[in-house]
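Dear colleague,

Please find below the structure that I am handing over to you. My findings follow directly after it.

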Amino acid sequence: MATGKPAMTMHESRRDLGFARGRRPERFAPHGAAKTAAAACPACGAVVAHGRWTWGQPTAGMAQVVCPACLRIRKRAAAHVLELTGDLGRCWNEVRGIIANVERAELEEHPLERVMAFEVRDDRVFVPTTGLHVARRIAAAIVRRWRHGVRLRFTDPCTRIEWLPAGRR
């Protein structure tokens with residue numbers, strides 16, 4: 001079936017040809033030596049190699065670089081915040097257990113996804129996280145547990161989880 005268009009060749013542009021030869025254009029070059037050199041975080045022990053943070057054993061000659069998660073915790077600059085509101089008192093211990101279990105599971109593979117210190121203000125609990133993914137997984141676990149008993153509102157810097165009164169479920 002002929003469409004009238006010429007057949008596409010494997011390498012049509014110079015940029016594609018550069019990638020095919022194993023060369024990367026300048027604008028795609030890694031930024032800084034941290035992407036290529038191995039380093040370890042002195043605070044938590046995470047190791048970065050080829051731009052990816054993992055848990056591993058630091059070697060003797062490895063550079064010491066504070067990881068982004070430790071920097072966020074030190075500066076108290078959360079990447080995302082879970083705001084827990086409503087009738088939370090009756091199930092607070094279970095919520096804390098869910099948060100701890102999700103964080104533990106996430107930390108095994110992703111050292112930069114952590115939960116920071118909780119903050120309690122009036123009738124709200126704020127759970128800051130160093131990454132969006134751990135916050136999303138915590139919210140999903142809470143929604144799975146309480147289904148129709150919670151209302152979830154997701155915005156960019158904050159996710160609000162509201163426990164509904166018994167009559168509105």
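The buried residues of helix H3 are covered by elements that include strand S5 (80-86), strand S7 (124-129), helix H4 (132-146) and strand S9 (158-163); contact means heavy atoms within 4.5 Å. Helices (H or I, at least four residues) and strands (E, at least two) are DSSP runs, numbered from the N terminus. This is a predicted model, in which local features need pLDDT of at least 70 and side-chain atom pairs count only at pLDDT 80 or more, while totals for chains, interfaces and linings use all residues. Residues are numbered from 1 along each chain as its sequence is written, and side-chain values use heavy atoms, with hydrogens and water left out.

Within H3, the buried residues (under 20% relative accessible area, where exposed is over 50% and partly exposed in between, with a 1.4 Å probe and protein chains only) are Val-95, Ile-98, Ile-99, Val-102, Glu-103 and Glu-106. They lie on the same side of H3, because they cover an arc of only 125° around the axis, taken from the directions from the helix axis to the C-beta atoms. Asn-93, Arg-104 and Glu-108, on the other side of H3, are exposed.

The strands form an open sheet of five, in the order S6-S7-S5-S9-S8, with mixed pairing; two strands pair if DSSP finds at least two bridges between them. Strand S6 (119-121) and strand S8 (150-154) are the edge strands, each pairing on one side only. S5 and S9 run parallel and are joined by six bridges, and Val-81 stands opposite Cys-158 in S9.

Yours sincerely
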